[in-house]
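This report describes how the parts of one protein model are packed together. Please keep the sequence and the structure in view while reading.

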Amino acid sequence: MTNPRDVADEPGGAGRGVVTITDVANAAGVSASTVSYVITGKRTISPATRRRVEQTIRALGYRRRTGSPSPSPARAGVLAVAVPPHGDRHVGVEMEFFSAAAGAARGRGFDLLLVTDDEGTAGLHRVTSAALADAVIVLDAGDGDPRVPVLLASGRPAVLVGAPGRHHGLAALTLDFRPAGQAVLDHLADFGHRSIAHLGPSPTLPGHRRRYLEDFTEGLRAAAARRGVEALSQPCEPTASDIARCLGELLTGTGPTALVVHDEAALPLVMATLRTRGLRVPEDVSVAAVCSATVAEHQRIPPTAVVIPARELGALAVDRAVRQLDGTPATEPETVLPQLVVGESTGAAPTGRAGNGRGHGGSGAAAG
């Protein structure tokens, strides 16, 4: 039985041009309670059903009733930032994003309201239902994100930040890591490195971060093939023991002469382990990283790094949200490209090691 509270947002007046939850349910071929569960996140709905409901909400233009008769209710002066919980948070990236977003919001007369996803989408549903925020910024948005139906039904301006494969007609900011992967490989190849190990994070990453990793890896491997360089992929957990294991297997007499560390939590451990092994950076081994500016700034040796543009994303997300509040419709998704910043951790390949890299623990396929 459908709980009346679950469909309390359904507007009256069916037959007079107002789309109701029942209309959505009939068009999607599901029950009204299923539509409500998709919107509120109170129960888990299969991805296929959620996508069908989401498409129907968008096609019919369904919006929850806010309770205000005014077509232009007064602003709350608040922008909500919805953040899903992850066990592998990139603390530097998130600190930079929130700091930049808060500064941009203050400059436009808004405060930020942080909405965590510990209860599924319930928190976001409460914020949009009670009009606690004027617009919503969804951080770490991914394909099939369950928060999207909540936003579509709320009718509030929203900005998806992450790697949403489908943009749902909402404003979106996405990162493209392919050019960065190519840039790192070319930079190291120009220094004469012929074998490079890509130390990636766990393959059990959330969907959007897995897509970032795959994009970067594709770019790196494409450049390796073009330059005739071998690129090994080696997943490493950001723990001292696993980093020691990975480097012990890789850095043999004929192992790679350069490392690309694709996990900002692992970067300090890699640098410390290299020092423990008596290896100098960059004289004995070059190290490039993919990390936030904050993490890069705190290393003993300024690293060559693909810097994740978290500050730029924070300011852009606020700008795109406020623009919508001021009447500018959502535009096509905007792509932001992480840039390679050359530091002091990369240099000429050592002449004492051939560095063919084969047969020394690399778990991924070689490119080139």
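## Basis of the description

The model is predicted; local features need pLDDT of at least 70, side-chain atom pairs count only at pLDDT 80 or more, and totals for chains, interfaces and linings use all residues. Residues are numbered from 1 along each chain as its sequence is written, and side-chain values use heavy atoms, with hydrogens and water left out.

## Overall fold

The protein has 12 helices and 12 strands. These are DSSP runs numbered from the N terminus, with helices being H or I of at least four residues and strands E of at least two. Of the 368 residues, 53% are buried; buried means under 20% relative accessible area, exposed over 50% and partly exposed in between, with a 1.4 Å probe and protein chains only.

Among contacts with a separation of 6 or more, 74% join residues 24 or more positions apart. A contact means heavy atoms within 4.5 Å.

## Nonpolar cores

The largest nonpolar core contains 45 residues, and those with the most contacts inside it are Phe-97, Ile-137, Val-161, Phe-177, Leu-185, Phe-216 and Val-318. Helix 12 (residues 310–325) supplies the largest share of this core, 7 residues. A second, separate core has 33 residues, including Val-138, Val-148, Leu-151 and Leu-152. Such a core is a set of buried Ala, Val, Leu, Ile, Met, Phe, Trp, Tyr and Cys residues joined through side-chain atoms within 4.5 Å.

Beyond its neighbours within four places in sequence, Leu-185 is in contact with Ile-196, Leu-220, Ala-223, Ala-224, Arg-227 and Val-229.

## Helix 6 and its partner

Gly-155, which follows helix 6, has a positive phi near 75°.

Helix 3 (residues 47–60) packs against helix 6 (residues 147–154) at an angle of about 20°, with the axes 10 Å apart. Axes are lines fitted to C-alpha atoms, for helices over the stretch in contact, and angles run from 0 to 180 degrees between N-to-C directions. The two helices, helix 3 and helix 6, are therefore roughly parallel (under 35 degrees; over 145 is roughly antiparallel, 65 to 115 roughly perpendicular and the rest oblique). Arg-50, Glu-54, Ile-57 and Arg-58 of helix 3 meet Val-148, Pro-149, Leu-152 and Ala-153 of helix 6. By class, this contact has 5 nonpolar, no polar and 3 charged residues; Ala, Val, Leu, Ile, Met, Phe, Trp, Tyr, Cys and Pro count as nonpolar, Asp, Glu, Lys and Arg as charged, and the others, Gly among them, as polar.

## Helices 9 and 10

The axes of helix 9 (residues 240–250) and helix 10 (residues 267–276) come within 10 Å and cross at roughly 60°. Helix 9 and helix 10 are therefore oblique to each other. Ala-240, Ile-243, Ala-244 and Leu-247 of helix 9 make the contact with Leu-269, Val-270, Thr-273 and Leu-274 of helix 10. By class, the contact has 7 nonpolar, 1 polar and no charged residues.

## Two buried helix residues

Ala-122 belongs to helix 5 (residues 122–129) and counts as buried at 19% relative accessibility. Ala-122 and Ile-39 are 83 residues apart in sequence and 8.9 Å apart in space, C-alpha to C-alpha.

Thr-294 lies in helix 11 (residues 293–297) and is buried, with a relative accessible area of 19%. Not counting residues up to four places away in sequence, Thr-294 touches Gly-92, Glu-96 and Arg-311.
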